[in-house]
Amino acid sequence: MNIAYWIVAGLLALFYLYAGTLKVIRSREQLRPMMAWVDRIPLPAVRALGAVEILGAAGLILPPLTGTACWLAPAAAAGFVLLQTGAIAVHLTGEDRRITLNAALTATAALTVWLAIRP
C-alpha cells in the first residue's frame, strides 16, 4: 500500500472510529445536538450503525497492515460509500438538509477505494 492510501484511509478510519464509538456509547439526548436524525431512527439501529462504523474503520486499517485478506480494505471503503449515500438520503428526507460532510465523506471513501485497488 502506498503512502496516500495510509493517509486517506487513516483519517477516514479515525473519523468513523470516533463517530461509531459515539453512536455506541452515548444516549439519544447526547447525540441529538450533533446528529439531528437520531430521533427518527430506533436507538438499536443507531447502535448497530455505530458498530458497523467501528468494524469498517478496522477493515480499512487491519487487513493491509497485517497483509491478510487485503480485499477487505476496498470492501470496507465501498461500504462507507454506500453508508454515506444512505446518510444523504436520510438527511434529505428529514428536516436536516446539511449534507456537506456526508458528500465529503462519500468522496473520501471513493478515493480510498481507488487507492486500495491500485496496483
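**Charges and overall build**

The protein chain carries 9 positive and 5 negative side chains, and the centres of these two sets are 6 Å apart. In that count Lys and Arg are positive and Asp and Glu negative, with His and the chain ends not counted. The place of a charge is NZ of Lys, CZ of Arg, CG of Asp or CD of Glu.

Before going on, a word on the source. This is a predicted model, in which local features need pLDDT of at least 70 and side-chain atom pairs count only at pLDDT 80 or more, while totals for chains, interfaces and linings use all residues. Residues are numbered from 1 along each chain as its sequence is written, and side-chain values use heavy atoms, leaving out hydrogens and water.

What does the secondary structure come to? It comes to five helices and zero strands, in the pattern α-α-α-α-α along the sequence. Helices here are DSSP runs of H or I with at least four residues, strands are runs of E with at least two, and both are numbered from the N terminus.

The radius of gyration is 15 Å, close to the 14 Å that the globule rule gives for 119 residues, so the protein chain is as compact as a globular protein of that length. That radius is taken over C-alpha atoms, and the rule is 2.2 Å times the number of residues to the power 0.38. Along the principal axes, the C-alpha atoms fill a box of roughly 45 × 25 × 20 Å.

The accessible surface is about 6,700 Å², with 73% of it belonging to carbon and sulfur atoms. Areas come from the Shrake-Rupley method with a 1.4 Å probe, and for residues only the protein chains shown count as cover. Of the 119 residues, 38% count as buried. Buried means under 20% relative accessible area, exposed means over 50%, and partly exposed is in between, with a 1.4 Å probe and protein chains only.

Now contacts, meaning heavy atoms within 4.5 Å. Among contacts between residues at least 6 apart in sequence, 61% join residues at least 24 apart.

**Helix α1**

The 23 residues of α1 should span 33 Å at 1.5 Å a residue, and its end C-alpha atoms are 33 Å apart, which agrees. The expected span is 1.5 Å times one less than the number of residues. Buried residues of α1 include Y5, V8, A9, L12 and Y16. The buried set packs against α2 (28-31), α3, α4 and α5.

V24 is also in α1, but it is partly exposed, at 33% relative accessible area. Leaving out residues up to four places away in sequence, V24 touches R47, G50, A51 and I54.

A69 sits in the loop between α3 and α4. Its phi is near 50 degrees, a positive value in a residue other than glycine. A69 is partly exposed, at 34% relative accessibility.

Helix α4 covers residues 72-93, which is 22 residues, and reaches 31 Å from first C-alpha to last, close to the 32 Å expected. Its buried residues include F80, L83, I88 and H91. Among the elements covering them are α1 (3-25), α3 (43-66) and α5 (100-117).

Which residues does H91 contact, its neighbours within four places aside? They are W37, R40, D96, R97, R98, I99 and N102. H91 counts as buried, at 8% relative accessibility. The C-alpha atoms of A89 and I99, 10 residues apart along the chain, are separated by 9.2 Å.

**Helix α5**

Helix α5 has 18 residues and reaches 26 Å between its first and last C-alpha, close to the 26 Å expected. Its buried residues, including N102, L105, T112 and V113, pack against α1, α3 and α4.

Is T112 buried or exposed? At 0% relative accessibility, T112 counts as buried. Residues up to four places away aside, T112 touches Y5, V8, A9, L12, L60 and A77.

That is the end of the walk-through.
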